[in-house]
Amino acid sequence: MAEEGVLRPQNFGLSVDDEEGFAPTSSATGSAGSSGAGPGLQFMDTSAYDASAASSSYTSGGVSDQGASSAAPSAGGGFFGFGGSSGASSQAFVEDEPDEPLLDELGIHPSHILKRTLLICQPWKSVKSAASGHRDDLLDDNDMAGPLLFCFALGFLLLLQGKMSFGYIYGVGMVGCVGIYALLSMMVNEHKLEFFRVVSYLGYSLLPIVFLAVPAVFITAQSAVMYVMVVVAVVWATRSAASLFVAAEGMDKQRYLIAYPIGLFYLGFALIAAF
């Protein structure tokens, strides 16, 4: 019987003998005796465990480890087969395709904006239509970045004149685009006209009005020079927009009928920019 006041160790690999206390098994007694432990301490016999059990495969949390070698970090710095640069793990990853430029993903093409801007700056240059057999690719581009850029530029120039006219620009622009779209839709019977294409054509042809707002910062609105510049800008913008619609929709016989509402549209912008 063990002495009172001495803590009894927990039963690890032991068998309960009798009411006297705990007695070690034969294997545990031999192990304790060989290790030089006291009579009150008893240990488990670990000889039954094979060292090869550490290399057995197991599955935990959906990840399968093939031996201790797969669980250890690989030469490429990976762990559990991830992040290695060699072996089967490198075959699991496929090289990503090169991403497109951000502007192309947003539908903004600077080269198209530049080409169409240069086209508006050359009113004497004719646009190739489908009737000529060589349709210009710029006619099929419903780009909205250019028109927004020109609207911001016009609003900034009006700010230099002391005018806060962004509301007038967007208000006249939207009402005019919807009205011209409705008119052209009734005139075009062969196919459905796209609204954003109408907005794109009218927005790019706003460039002469932007040019008009530059001297308006320095020249008095009541001068004769300003009146002449207003007429030139309106005629220039009207001709550019009408040429785009005629070339895109094949409306050669209706050129002047289209030009009339478009001229009124740009006249409103010219009055805002110059007066």
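A word on the model: it is predicted, so local features need pLDDT of at least 70 and side-chain atom pairs count only at pLDDT 80 or more, while totals for chains, interfaces and linings use all residues. Residues are numbered from 1 along each chain as its sequence is written, and side-chain values use heavy atoms, with hydrogens and water left out.

The secondary structure of the protein chain comes to 11 helices and four strands; helices (H or I, at least four residues) and strands (E, at least two) are DSSP runs, numbered from the N terminus. Of the chain's 275 residues, 32% count as buried, where buried means under 20% relative accessible area, exposed over 50%, and partly exposed in between (1.4 Å probe, protein chains only). The accessible surface comes to about 17500 Å², and 63% of that belongs to carbon and sulfur atoms; these areas come from the Shrake-Rupley method with a 1.4 Å probe, and for residues only the protein chains shown count as cover. Look at contacts between residues at least 6 apart in sequence, and 60% of them join residues at least 24 apart, a contact being heavy atoms within 4.5 Å.

Now pick out helix α6, residues 145–160. How far apart are its end C-alpha atoms? They are 23 Å apart, which agrees with the 22 Å that 16 residues should span at 1.5 Å a residue; the expected span is 1.5 Å times one less than the number of residues. The buried residues of α6 are G146, P147, F150, C151, L154, G155, L157 and L158. Those residues pack against α5 (110–120), α7 (166–187), α8 (195–204), α9 (207–213) and α11 (255–274). After α6 comes G162, with a positive phi near 85 degrees. In the loop between α6 and α7 you'll also find S165, which counts as buried because its relative accessible area is 8%. Leaving out residues up to four places away in sequence, S165 touches L158 and I272.

On a 1 Å grid over the protein atoms alone, a cavity is a set of points where a 1.4 Å probe fits but cannot get out, and a pocket is an open set with protein on both sides within 12 Å along at least five of seven lines; lining residues have an atom within 4 Å of a point. Grid points are joined across faces, edges and corners, and a volume is the space filled by probe spheres set on the points.

The second largest pocket holds about 230 Å³ of space. Its lining has 15 residues, with P147, C151, G173, C177 and V199 nearest the centre. Helices α6, α7, α8 and α11 each supply at least two residues of that lining, and α7 gives the most, with five. By class, the lining has 13 nonpolar, two polar and no charged residues.

Back to the cavity. The structure holds one of 30 Å³ or more, and the largest cavity has about 70 Å³ of space. Around the largest cavity sit L119, I120, Q122, P123, K125, V127, R239, S240, S243 and L244. Which helix gives the most to this lining? That is α10, with four residues. Q122, from the loop between α5 and α6, is partly exposed because its relative accessibility is 28%. Q122 and S240 are 118 residues apart in sequence but 8.8 Å apart in space, C-alpha to C-alpha.

T238 is in helix α10 and counts as buried at 11% relative accessibility; not counting residues up to four places away in sequence, T238 touches A259, I262, G263 and Y266. On helix α11 sits I258, buried with a relative accessible area of 1%. I258 touches L184, M187, F245, V246 and M251, again leaving out residues up to four places away in sequence.

Conventions
Ala, Val, Leu, Ile, Met, Phe, Trp, Tyr, Cys and Pro count as nonpolar, Asp, Glu, Lys and Arg as charged, and the others, Gly among them, as polar.
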